Amino acid sequence: MFQDCERVQYQKAPVLETICQLRFPTILSISAKEPAEFQELIRGDFPRYSKNLEKLPPKVMNGPNGMKVEEQPNITNYQFLSADSRWKVNLTNNFIALATPSYTNWEEFAGKLDAVLAQFIAVYKPAFFERIGLRYVNAISRKDLDLEDAPFSDLIQPGYLGLMADDDIDERAFLRSMQTSEVRLPGGCQLKLNCGPGMLKRGNVEDKEVKFILDIDIFMAGKVEMKHSAGALTTVHTNANRIFRGAITRTLHNAMEPM
């Protein structure tokens with residue numbers, strides 16, 4: 001499941017989106033007024049601004065008289081975009097996140113994240129972080145890698161294929177084969193993994209190619225002090241790299257053109 005190896009950057013990386021979210025105890029002042037001071041500090045890199053009011057799903061709870069449903073308050077989600085819309089910061093009263101579909105390497109991503117977090121901490125002074133998560137959504141396209149004749153069993157390790165790994169199975173017979181796993185990892189991290197074949201929808205157009213989706217969400221939950229947040233991010237990233245490299249075969253590794 002894991003593979004410890006030297007980090008590489010792929011010329012044909014399959015990552016669709018990278019998201020890092022840090023949750024903190026609720027800060028009411030964030031939703032009480034628009035974050036003008038925070039915007040001014042990051043506006044050079046994220047000049048575009050919007051605000052959305054999001055309705056949370058109701059919470060189902062056990063009570064003395066049976067189940068009851070509680071409506072949840074709306075959440076104000078502030079969004080700051082780079083000029084080319086390739087980088088996005090989201091801020092609510094209990095989390096801040098950085099996301100991009102243009103991930104190239106951890107150093108670039110972490111550098112932008114560090115700059116945003118420094119300004120966020122300076123303005124809002126969160127007590128600590130309750131959850132630090134890093135998510136990589138990968139879609140492995142055989143067409144893009146000139147591997148159209150290769151079965152997924154040549155590209156993905158058996159543990160991530162489930163029933164599709166059986167020798168007497170034709171992968172074309174599968175209408176759906178998605179695995180969902182939650183696993184404890186080293187360093188106090190946890191993994192939420194969704195993987196299996198699927199098709200992407202871009203806008204209103206569905207891509208007819210069946211790709212292998214590898215959705216890796218690594219997080220550290222609990223009280224993480226500000227001074228330990230950089231180390232926690234390094235730990236979740238190290239685990240994410242080990243999971244990805246453990247999921248792919250040498251054939252796929254080479255086809256993605258490691259640099």
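## Overview

Helices here are DSSP runs of at least four residues and strands are DSSP runs of at least two, both numbered from the N terminus. By that count, the protein chain holds five helices and 13 strands. The model is a predicted one.

The chain has 259 residues, and 42% of them count as buried. Its C-alpha trace spans about 60 × 55 × 40 Å along the principal axes.

## Strand S7 and its partners

Start with strand S7, residues 95–100. Six of its six residues are buried, so S7 is largely enclosed by the rest of the structure. In a regular strand, side chains alternate between the two faces of the sheet. Both faces of S7 are covered. Phe-95, Ala-97 and Ala-99 are buried on one side. Ile-96, Leu-98 and Thr-100 are buried on the other.

S7 pairs with strand S1, residues 15–23, in the antiparallel sense. Six bridges join S1 and S7. Within this pairing, Gln-21 has Ala-97 as its bridge partner. S7 also runs antiparallel to S6, with four bridges between them. There, Ala-97 stands opposite Asn-90.

Strand S6 covers residues 88–91, and strand S5 covers residues 75–81. S5 and S6 are antiparallel and joined by four bridges. Gln-79 stands opposite Asn-90 in S6.

How many residues separate the strands in each hairpin? Between S5 and S6 there are six. Between S6 and S7 there are three. In the turn between S5 and S6, Ser-85 has a positive phi of about 65°.

## Helix H3

Helix H3 runs over residues 106–124 and has 19 residues. It reaches 26 Å from its first C-alpha to its last. That is close to the 27 Å expected at 1.5 Å a residue.

Which residues of H3 are buried? They are Trp-106, Phe-109, Ala-110, Leu-113, Val-116, Leu-117, Phe-120, Val-123 and Tyr-124. Seen down the axis of H3, these buried residues fall within an arc of 155°, so they line one face of the helix. An α-helix has 3.6 residues a turn, so residues three or four places apart point the same way.

## Positive phi outside glycine

Lys-125 lies in the loop between H3 and strand S8, residues 129–140. Its phi is positive, about 45°, although Lys-125 is not a glycine. Is Lys-125 buried or exposed? Lys-125 has 61% relative accessibility. The cut-off for exposed is over 50%, so Lys-125 counts as exposed.

Glu-257 is another residue other than glycine with a positive phi, near 60°. Glu-257 sits in the segment after helix H5, residues 250–255. With a relative accessible area of 36%, Glu-257 is partly exposed.

One of its members, Val-69, belongs to strand S4, residues 66–70. Val-69 is exposed, with a relative accessible area of 56%.

Conventions:
Residues are numbered from 1 along each chain as its sequence is written. This is a predicted model: local features need pLDDT of at least 70, side-chain atom pairs count only at pLDDT 80 or more; totals for chains, interfaces and linings use all residues. Side-chain values use heavy atoms; hydrogens and water are left out. Buried means under 20% relative accessible area, exposed over 50%, partly exposed in between (1.4 Å probe, protein chains only). Two strands pair if DSSP finds at least two bridges between them. The expected span of a helix is 1.5 Å times one less than its number of residues. The arc is that of the directions from the helix axis to the C-beta atoms.
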